[in-house]
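Opening the notebook on this one.

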Amino acid sequence: MAEAFKTYALDTPFVARTLHAKLGKLREDHAAQLAEPNIVKDWADYQHRIGVVEGIDIAMRLCADAVKEESR
């Protein structure tokens, strides 16, 4: 029977750090858009954009945790 989902270990902590840095840049871009007037259309759009930033924060924490685990 074939596996539906398979996880792979990171090659090095460098991979997680690189991803963390790219996510950080993406988060900065999204946060800057929230500060710009006339970018957010309505409350639903604002909530969606905040959710994206929160999702990026979660991904960044996962990357940081992976680096810590790999360095043990």
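I checked helix α1 (residues 13–35) first: its 23 residues at 1.5 Å each should span 33 Å, and the end C-alpha atoms are 33 Å apart, so the two agree. The expected span is 1.5 Å times one less than the number of residues. Helices here are DSSP runs of H or I, at least four residues, numbered from the N terminus.

Housekeeping: this is a predicted model, so I kept local features to pLDDT of at least 70 and side-chain atom pairs to pLDDT 80 or more, while totals for chains, interfaces and linings use all residues. Residues count from 1 along each chain as its sequence is written, and side-chain values use heavy atoms, without hydrogens and water.

Which residues of α1 are buried? I found Ala16, Leu23 and Gly24, buried being under 20% relative accessible area (1.4 Å probe, protein chains only). The buried residues of α1 pack against α2 (43–70).

Next, the largest nonpolar core: Ala16, Leu23, Ile56, Met60, Cys63, Ala66 and Val67, 7 residues. Such a core is a set of buried Ala, Val, Leu, Ile, Met, Phe, Trp, Tyr and Cys residues joined through side-chain atoms within 4.5 Å. Its largest share, 5 residues, comes from α2.

I then looked up Cys63. Setting aside neighbours within four places in sequence, Cys63 is in contact (heavy atoms within 4.5 Å) with Ala16, Leu19, His20 and Leu23.

Last, Asp45, in helix α2. Asp45 is buried at 13% relative accessible area. A polar atom of its side chain lies 3.0 Å from the backbone nitrogen of Lys41. Beyond neighbours within four places in sequence, Asp45 is in contact with Ile39 and Val40.

Methods:
Helices (H or I, at least four residues) and strands (E, at least two) are DSSP runs, numbered from the N terminus. Buried means under 20% relative accessible area, exposed over 50%, partly exposed in between (1.4 Å probe, protein chains only). A polar contact is a pair of N or O atoms within 3.5 Å; within protein, one must be able to donate a hydrogen and the other to accept it, and residues adjacent in sequence count only if both atoms are side-chain atoms.
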